[in-house]
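Dear colleague,

I am passing on the structure below, together with some notes on what came out of it. Please read the notes with the coordinates open beside you.

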Amino acid sequence: MSIVTVQLGQCGNQIGHEVFNAICSDVRGTHGLCSKKENESYRDACKERFFSEEESEVPVARAVLVDMEPKVISQTLSIAARSGYWKYDDRSHFCQKQGSGNNWANGYSVHGPRHKEIIMNLVQKEAEKCDRLGGFFTIMSMAGGTGSGLGAFVTQCLRDTFPTSFILNHVIWPYGTGEVIVQNYNSVLTLSHLYQSSDALLVHENDVIHKICAQLMNIKQISFRDVNQVIAHQLGSVFQPTYTAESGLHYSRNLLGDLMETLVPHPEFKMLGLRNIPQMPENSLAYSTFSWPGLIKHLRQMLIANAKMEEGIDWQVRPPCLGSSVPSSHSTNKPPHFNTSVANLVILRGKDMHSVDLGSFRDPSLYTSWLNPQDAFNVWKTPRAFNKYEKSASLVSNSQFLLKPLDNVVRKAWNMFASKAYIHQYTKFGIEEEDFLDSFTALEQVISSYTIL
Amino acid sequence: HLVSFQKGIYDEALSSFFRNVDTRSGDDGPDIYKGKICSLKARALLIDMEEGVVNEILQGPLRDLFDGKQLITDVSGSGNNWAVGHKLYGCQYRESIVEKLRKTAEHCDCLQCFFIIHSMGGGTGSGLGTFVLNLLEDEFPEVYRFVTSVYPSGEDDVITSPYNSVLAMKELNEHADCVLPIENESLFDIVNKIHQMINSGKLGSTVKQNSMVTSSAGSAKTVQEKPFDAMNNIVANLLLTLTSSARFEGSLNMDLNEISMNLVPFPRLHYLVSSLTPLYTLADVNVPSRRLDQMFSDAFSRDHQLIQADPKHSLYLACALLVRGNVQVSDLRRNIERLKPSLHFVSWNQEGWKTGLCSVPPVGHSHSLLALANNTCVKPTFIELKDRFMKLYKKKAHLHHYLHVDGMEQSCFSEAVSSLSDLIDEYDELDATKGGLRTDPSRLKIAV
């Protein structure tokens, strides 16, 4: 089944390009460390999912590029084509000249309706190219105007037009110390709207990725390109083909469906965090060896201690003792800083992953009580190594990972809202104070739900 | 920029400010949208009620850039009288101005913004200028209006400049999206600073000619010959950098509409203090890259501001940093973290930074920075202006020159000063919150 990617705004387009790059480069590489047959299966599954073949032998990404100003898209298209390894469809893009001015209301209420038909036509065309449509993957930042506002509108349109398809939104959270002054308003509006139409929100925080670049990748002068490449690597580690428990001897075909089934048992809980280890500069790879037990141990502690990366993990955090009969909704039992999960997915890529013991992830004390522990945890595997890492492990988690960041965004936005600063910029385009209040209410509800896990 | 890159291809960057006209069939030829530059015409309207300045431009080295039909001039000037500029000439030239504006606008694929460049203290720039501002709002309500206003200094030799300025301020309050106030004193100080640097004779201090913020690229004029030229070039550089992200690529684009969106939290508080760095580049390339962090520090030093004000000791409502050249997001973050503690931000905007990264530096530099601050430090400037106004107004000095003009009444004056007072009050209220105890407003409670 194929996935159609919708790249929205400057961030969405810059990241989307790196994602296709990473996927293509992984497939091209001979670093599979597995049998030729395995490699070929992997490559075929990946190609079907993300690329279509046209008369030119260069694979064409299944993507629609949308932006309200022309510079980023034109750059993205030409850099991709110049690589010679893959490209975008020359017609699958739409841009305007004005931009959205970092104004969510402009993106949502003006650009959205105005350009709905053209954009949805492009999406329809890409969807028709797929033998079987596996769903949509949108990439956007929630800080600006286009990715956030137009992105929220487009997601709604996708839901209306394709009511039975899966929609996964990849949302980039901006640096806490401002990239955009009204970023918290834009974020609150985006998240509350996406929650209604999307199946799941997969989140990356710029601050976190920046730290990974600085401390793990040893990059001195970190650029957005560096940040985007780390993000692309992490996404690739989830998106590339795997074997699931049900898929048997074939690579699983239904990535988005599988993700939703394993991770989103309840529509109130849609926030997914992503961790991937190990991460290091490419030139250190040759000198490092890893063991699966070591990787699993670290990943599990990262989960329960809510560590953002594999350095600086707090090993003191322990899961609560089960055994007392107090139901977990009274969370007085749980030690502070302990990250409770709704559901988790671990993905293992590399040799010898058959023997890996994942019992520690099945520990019921990690999870909220209303799901069967068997259902709360899943693992996908492949012997085929990913992107030059001999072994790599990813964790996609529906847990309290994003509770604090979400609370922070809402707190700052509320603070600003109390003074009514910048509101006139939104009412100018039809978003009123009531709309803000609705969004705040929706998000406080999400925060509350995750808090009492 | 054009002079340095002789390739002569008309591209997106040029097209934001110029049309490419096929002049083989005369001045009225069709526009050429791509390919070689034939004849560039500025997308501009030049208005003056006396002819001297415009004539000089039309005889100078840039004469070919201006379309002869994009001019509106008269002979007698406005006599440093806002009322003459606004009411008399406004009325007289309204139709002609609208017609020429429409013509210029038609040549644009997508019109995003008007730049109005004028002074506050005289009659034409101030009076007719603000009339045009009103007109732009009526005729093109969706297009942003950015105004660069030169404010008069205390020792201005135009006696009526306080009247003109305050009358103009009311219009700016109500009809401009963003105002960048400029003071000649600051420009003059910058010019002097560069002059001292050139003449200091210090080892390793040869300044690259075309890198000075006071020079137009390729110009070999010495700084002393035409001081206003040097000063005006600083403002030109300001406008260039302001629009650089819209014209060139970068990893974090910052458009003009984003500036307005992020820096104007309340409609009338749209006065932005600007500072530019660096002022020049030393020709000696072996200067270490501590220069980069120094550039950020300089942007917050009063030496680099285009008006006399003290933002560090006042309250920031918002701040924007537009960086050009080989600067990455980590450099930006490091410097914001470093400078933040010494600056006071209003309680509801503690992280009030808007940032932009444009890959292309200005000619002669490897990187540059423009800082725009919405800060209560403009309040003293406005208070002084009001005081100078009241000094004259109390004695009714020169009032009759204004009231003579058709359409001008005493109420215009009282409304104008009242508008200014209200603005000052708004800044006062915000200042009062500075340093106060901050408690977060209580959050919404959800029924569990």
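Predicted model: local features only at pLDDT ≥ 70, side-chain atom pairs only at ≥ 80, totals over all residues.

Taken along the principal axes, the C-alpha atoms of chain A fill a box of roughly 60 × 60 × 45 Å.

In chain B, the domain assignment gives domain 1 (1–42), domain 2 (44–176) and domain 3 (179–199 + 229–397). The C-alpha centres of domain 2 of chain B and domain 3 of chain B lie 24 Å apart, and the contact between these two takes 23 residues from domain 2 and 27 residues from domain 3. Between them, domain 2 and domain 3 of chain B bury about 2500 Å², with 68% of it on carbon and sulfur atoms. On the domain 2 side, Phe146(B), Tyr151(B) and Tyr163(B) lose the most area to domain 3, together 27% of what that side buries.

As for polar interactions, the count between domain 2 and domain 3 of chain B is 0 salt bridges, while 9 residue pairs, both at pLDDT 80 or more, are in polar contact. Strand S7 (113–119), strand S8 (144–151) and helix H5 (161–175) of chain B each supply at least two residues of the domain 2 side that touches domain 3, and the residues of that side divide into 16 nonpolar, 7 polar and no charged.

Best regards

Methods. Residues numbered from 1 in each chain as written. Chains lettered and ligands numbered in written order. Heavy atoms only, no water. Domains from an automatic or database assignment. Contact = heavy atoms within 4.5 Å. Buried area = accessible area lost by both parts, 1.4 Å probe. Salt bridge = Lys/Arg side-chain N within 4 Å of Asp/Glu carboxyl O. Polar contact = N/O pair within 3.5 Å; in protein donor to acceptor, adjacent residues only side chain to side chain. Helix = DSSP H or I, 4+ residues; strand = E, 2+ residues; numbered from the N terminus. Nonpolar A, V, L, I, M, F, W, Y, C, P; charged D, E, K, R; others polar.
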